[in-house]
There are 2 protein chains.
Amino acid sequence: MPNKRTAFFISDGTGITAEALGRSLLAQFEAIQFEMITKPYVNTEEKALQLVALINQTCVDEQQRPLLIDTIVDQKIRRIINTSQALNIDVFSTFLAPLEEELQTHSTYSVGKNHALTKEKEDTYKARIDSVHFALDNDDGARTHHYDKADLILVGVSRCGKTPTCIYMALQFGIKAANYPITEDDLLDSELPKALRPYRHKLFGLTIEPERLASIRHERRPNSHYASLKVCQREVQEVESLYQRHNIDYIDSTHYSIEEISTRILAQAGIERRFRPSI
Amino acid sequence: MPNKRTAFFISDGTGITAEALGRSLLAQFEAIQFEMITKPYVNTEEKALQLVALINQTCVDEQQRPLLIDTIVDQKIRRIINTSQALNIDVFSTFLAPLEEELQTHSTYSVGKNHALTKEKEDTYKARIDSVHFALDNDDGARTHHYDKADLILVGVSRCGKTPTCIYMALQFGIKAANYPITEDDLLDSELPKALRPYRHKLFGLTIEPERLASIRHERRPNSHYASLKVCQREVQEVESLYQRHNIDYIDSTHYSIEEISTRILAQAGIERRFRPSI
């Protein structure tokens, strides 16, 4: 039995939902290596026919049928896609029927309806952009005089993952997250850095395994004092005792993706997601 | 018939897949107003039991059953959740069976398996962080001497959406996207700004409706020359003719979400997503 398989994630919109769902499902089959191909904006009959031809060709080439996870809403397009020889995991056909029955109403089946930026969503868009700019303006301790407006201030040693986490929280959840780097100087002091003291309740700490930190720092400044394992070990140890001394909640980012770090912090800090992005 | 309904998006991981799928499905029912509640990290029997109690209480309070979209992998947890009185859209139960049959193997059903940062994924993580730092370092024309390393250089007038788009492309798809603001001075010149000339093939333009631009700029600098409709109209008109003159592909960001702008640019420019984040 071959243990390689091609999977198509297909959508008439961004393809993000199909991709997220497809990956979650396929991750359950560790023995198989998947070649994953995302095809967004399959929104014309011509594109759908081209795609069917590609899928069927893949079927011939690999002598087995590909998998197809689709979130196509438009029925005409979906009917074309369904003629392909792939195993079709058809999300909307499967789940809209029970929802229609439960809600006693027909679904609108309108292409990309949840993507459109309606008047109502413009406020969300602005809040989101605001949060992104907040994260950028308050990155790396650049400014500390807006901390009163922050939902959260992420602290940690250099290169432990603060910046991408703050940006992700801003983009995905509309959270205003600042971040402040704990430097070697800060670690010499048993007190919290002055700028942070009024905001202890907003602080959340990141930590990381020293080996991982050294490897990340090494890519930035090879063979530096800053990237040496010894320095990383000391900084991590000291920052963790700082967290404990000041009763600051923290998590270890070593084995997590940015999505996991972000959602775990929000869950642990009890901060509600401001909104759900329309993808 | 009541036209309000509570929907729970439940996961033993980040909840991002359940949320994305749930929103896509519910967006098809425009007549109904949904109260959406995301519960990530439901990964112990205790948390599952608490959640069932909350769902059942909601059922009593609202005198109708809530909807439940879940991507829980752990079978023990899922069995508990299934005892609730909600209408259960159970993604894994529904789709894993046909996949198991097709792939002739059992799924691993391992909690959060696709979230774990395995050795193999560390490279992806690093590439992703690199892309984010590239976007930040090359934001707003701050530096132009790394444009040779860019996958894409996004251009447009101030506040048309360049920064969040670049950051999104970096975070979600590992694309190295720089951005360069086209200023009023640049628009006086019929040539491309000097820094951009060697990279015409990497340029992609954003445009926006002048009214929307004025409204966004107005929030930043109320009643300024910069935010006046007249200035916005002129800048947008001139930047669009600049795109046309130099044969630069562009899209109008006015009615799109950041996800849509990003994925449309990649599709139009023919740039492949570097990776798919593990959510």
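How many residue pairs are in polar contact across the interface of chain A and chain B? The rule finds 14, with both residues at pLDDT 80 or more. A polar contact here is a pair of N or O atoms within 3.5 Å; within protein, one must be able to donate a hydrogen and the other to accept it, and residues adjacent in sequence count only if both atoms are side-chain atoms.

Some ground rules. This is a predicted model, where local features need pLDDT of at least 70, side-chain atom pairs count only at pLDDT 80 or more, and totals for chains, interfaces and linings use all residues. Residues are numbered from 1 along each chain as its sequence is written, chains are lettered from A and ligands numbered from 1 in the order in which they are written, and side-chain values use heavy atoms, with hydrogens and water left out.

Stay with the interface. On the chain A side, helix α4 (residues 91-103) gives the largest share, 10 residues. Helices (H or I, at least four residues) and strands (E, at least two) are DSSP runs, numbered from the N terminus. The side of chain A that touches chain B splits into 44 nonpolar, 24 polar and 22 charged residues.

In total, chain A puts 90 residues into the contact and chain B puts in 91 residues. Contact means heavy atoms within 4.5 Å. About 8,600 Å² is buried between the two chains, and carbon and sulfur atoms give 63% of that. Buried area is the accessible area (1.4 Å probe) that two parts lose on being put together, summed over both.

Now salt bridges. The cut-off is a side-chain nitrogen of Lys or Arg within 4 Å of a carboxyl oxygen of Asp or Glu. Eight salt bridges are found across the interface of chain A and chain B.

Glu102(A) bridges to Arg5(B), with the closest N and O atoms 2.4 Å apart. Next, Glu259(B) meets Arg128(A) at 2.7 Å, N to O. Glu259(B) sits in helix α10 (residues 258-269) of chain B and Arg128(A) in helix α5 (residues 119-137) of chain A, so this pair joins two chains. Both Glu259(B) and Arg128(A) are buried. Buried means under 20% relative accessible area, exposed over 50%, and partly exposed in between (1.4 Å probe, protein chains only).

Then there is Glu219(A) with Lys126(B), at 3.6 Å, N to O. That pair runs from helix α8 (residues 210-220) of chain A to helix α5 (residues 119-137) of chain B. Buried or partly exposed: what is Glu219(A)? Glu219(A) is partly exposed, at 49% relative accessibility. Lys126(B) is buried, at 17%.

One salt bridge inside chain B. Arg217(B) and Glu235(B) meet at 2.9 Å, N to O. They are 18 residues apart, with Arg217(B) in helix α8 (residues 210-220) and Glu235(B) in helix α9 (residues 229-245) of chain B. Arg217(B) is buried at 0% relative accessibility, and Glu235(B) is buried at 5%.

Some bridges share partners. Arg5(A), Arg65(A) and Glu102(B) join into one network that way. Arg5(A) lies in strand β1 (residues 4-10) of chain A. Arg5(A) is buried, at 9% relative accessibility. Beyond its neighbours within four places in sequence, Arg5(A) contacts residues including Phe34(A), Glu35(A), Glu102(B) and Leu103(B).

On to the covered elements. Why is strand β6 (residues 177-181) of chain A largely enclosed by the rest of the structure? Because five of its five residues are buried. Ala177(A), Asn179(A) and Pro181(A) point one way, Ala178(A) and Tyr180(A) the other. Strand β5 (residues 152-156) of chain A pairs with β6(A) in the parallel sense, over five bridges. Two strands pair if DSSP finds at least two bridges between them. Leu152(A) stands opposite Ala177(A).

Helix α1 (residues 16-26) of chain A is mostly covered too, with 11 of its 11 residues buried. Among them are Glu19(A) and Arg23(A).

Last stop, chain B. Gln172(B) lies in helix α6 (residues 162-173). Gln172(B) is buried, at 8% relative accessible area. Gln172(B) and Arg128(B) are 44 residues apart in sequence, yet 8.0 Å apart in space, C-alpha to C-alpha.

Technical notes:
Ala, Val, Leu, Ile, Met, Phe, Trp, Tyr, Cys and Pro count as nonpolar, Asp, Glu, Lys and Arg as charged, and the others, Gly among them, as polar.
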